Amino acid sequence: MEYITTLLVKNGLIVAFLVTGIVMYFSEWLSKTLTNKKIPGSAIAIFSGLVLAYIGGKITGGNKGIADIKQLSGFEFMGGAMFRDFAIVSTAMGASFAVIKKTGLAGVTSLIVGVILSFLAGAVIAVGMGFHDAASITTIGAGACTFVVGPVTGTAVGASSEVIAISIAAGVVKSILVTIGTPFIARHIGLNNPQAAMIYGGLMGTTSGTAAGLAATDPKLVPYGAMTATFYTGLGCLLCPSLLYVMVKIIYP
Amino acid sequence: MLLRGVALLAGCFIIGQITGETLGRWLHIDANVGGVGFAMLLLILTQNELEKKGLFHKEMEEGVNFWSKMYIPIIVAMSSIQNVRVAISSGVVAVLVGVIPMLICLATMPYISKLSKKEP
């Protein structure tokens, strides 16, 4: 048995291709038979991924979901930032530059509103939950942006590791919520055209959540949403530890 | 030809990422600022240029399309390596901070959408 494990670990990426393929096949089947295609197969597959991640975390107590199970460690590579970003960029092929130019101003506005509003709301909740020092409030507010902005900000302003963990968790909750929720709210917020997708990406910010959510809604919208969302984390890392931290510091010296 | 498409994609990807990292350094923040976004813009622009000059081969497109079709499986793999256990178990603060600000942002969407329609 030992040699099979070794073989699976050595060919981790291929194992990940196989397992993902099985998950996707199963999800398509569920979508067809149980929901009459009302819930897209890709949405079920992404949700199944999250369930697998939870199971993996429960079994091993690790932080990398299913990839903590040795035989499935290839998932870390397949689902890692390199492949994810490469695939996101590839979706831009055939996207309309004219649309991007036309939505430029609204896209930038959505980014600024998205970062600042998320931060303020997160900070207010932090205060409401009993945090009264500027570093903690700022870090939790930053966690409301994305799970990268939180720890980057927390490290910069010198927050405790417990608070940084909360900010990461908040970012992950947001990303999961956007992943699962996007297909369901799309209809109600007019998320059915490239312009709306760009604004949505700017407001939500989480690249993984937005991209996955849009993929489950309408794959044609992915490049537009991802385009703005990819600037969000950078903007958050720029504003939260500087301008926004100073603002919080004035109120809570 | 197929590989030329993949190479084009890879080239745009690398240049975009370098741009994002460099921008991050200029701004003194430890993050990649829009690397993916720059790469996407670059890919769209090069594709347009090559098409104009008649240098864009159908098979090149297929090299890129393969990756865009791999996109959802990769996202599924990405979901399965998230720290869902901690997200669920780390308590009320994380859940509230993850959910409420997102809903507030969502509520502003109709107003910002109007902004894009005003433009010509």
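The model is predicted. It scores ipTM 0.84 and pTM 0.75. Chain A has 13 helices and zero strands. Chain B has seven helices, again with zero strands. The contact between them involves 66 residues of chain B and 89 residues of chain A.

**Chain A: overall shape**

- Read along the sequence, chain A runs α-α-α-α-α-α-α-α-α-α-α-α-α.
- Along the principal axes, the C-alpha atoms of chain A fill a box of roughly 60 × 50 × 30 Å.
- Of the 253 residues in chain A, 60% are buried.
- Take the contacts in chain A between residues at least 6 apart in sequence: 64% of them join residues at least 24 apart.

**Chain B: overall shape**

- The order of elements in chain B is α-α-α-α-α-α-α.
- Chain B is more spread out than a compact globule, because its radius of gyration is 20 Å, well over the 14 Å that the globule rule gives for 120 residues.
- The C-alpha trace of chain B spans about 55 × 40 × 30 Å along its principal axes.
- Buried residues account for 48% of the 120 residues of chain B.
- Among contacts in chain B between residues at least 6 apart in sequence, 54% link residues at least 24 apart.

**Helix α2 of chain A**

- Helix α2(A) covers residues 12-34, 23 residues in total.
- From first C-alpha to last, α2(A) reaches 32 Å, close to the 33 Å expected at 1.5 Å a residue.
- The buried residues in α2(A) are A:Ala16, A:Val19, A:Thr20, A:Val23, A:Met24 and A:Ser27.
- Their cover draws on both chains: it includes α3 (41-60) and α4 (75-78) of chain A, together with α4 (71-79) of chain B.
- Just after α2(A), A:Asn36 adopts a positive phi of about 55°.

**The interface, seen from chain B**

- In all, 66 residues of chain B are in contact with 89 residues of chain A.
- The elements of chain B that give two or more residues to this side are α1 (2-26), α2 (35-52), α3 (58-69), α4, α5 (84-89), α6 (92-107) and α7 (109-118).
- Helix α6(B) supplies the largest share, 13 residues.
- The side of chain B that touches chain A divides into 44 nonpolar, 18 polar and four charged residues.

**The largest nonpolar core**

- This core holds 122 residues.
- Within the core, A:Val89, A:Ile140, B:Leu43 and B:Ile75 touch the most other members.
- Helix α13(A), residues 222-251, gives the most to the core, with 15 residues.
- B:Ile75 reaches across to chain A, touching A:Ile46, A:Ala211, A:Ala212 and A:Ala215, not counting residues up to four places away in sequence.

**Confidence in chain B**

- Chain B averages a pLDDT of 82, and 91% of the residues score at least 70.
- Among the elements of chain B, α1(B) has the highest mean pLDDT, 89.
- Helix α5(B) has the lowest, 72.
- Where pLDDT is low, the predicted coordinates should not be read in detail.

Note on methods: Residues numbered from 1 in each chain as written. Chains lettered and ligands numbered in written order. Predicted model: local features only at pLDDT ≥ 70, side-chain atom pairs only at ≥ 80, totals over all residues. Helix = DSSP H or I, 4+ residues; strand = E, 2+ residues; numbered from the N terminus. Expected span 1.5 Å × (residues − 1). Buried ≥ 20, exposed ≤ 12 C-beta atoms within 10 Å, placed from the backbone. Contact = placed C-beta atoms within 7 Å. Nonpolar A, V, L, I, M, F, W, Y, C, P; charged D, E, K, R; others polar. Core = buried A, V, L, I, M, F, W, Y, C linked by C-beta atoms within 7 Å. pLDDT = per-residue confidence, 0-100. Rg over C-alpha atoms; globule rule 2.2 N^0.38 Å.
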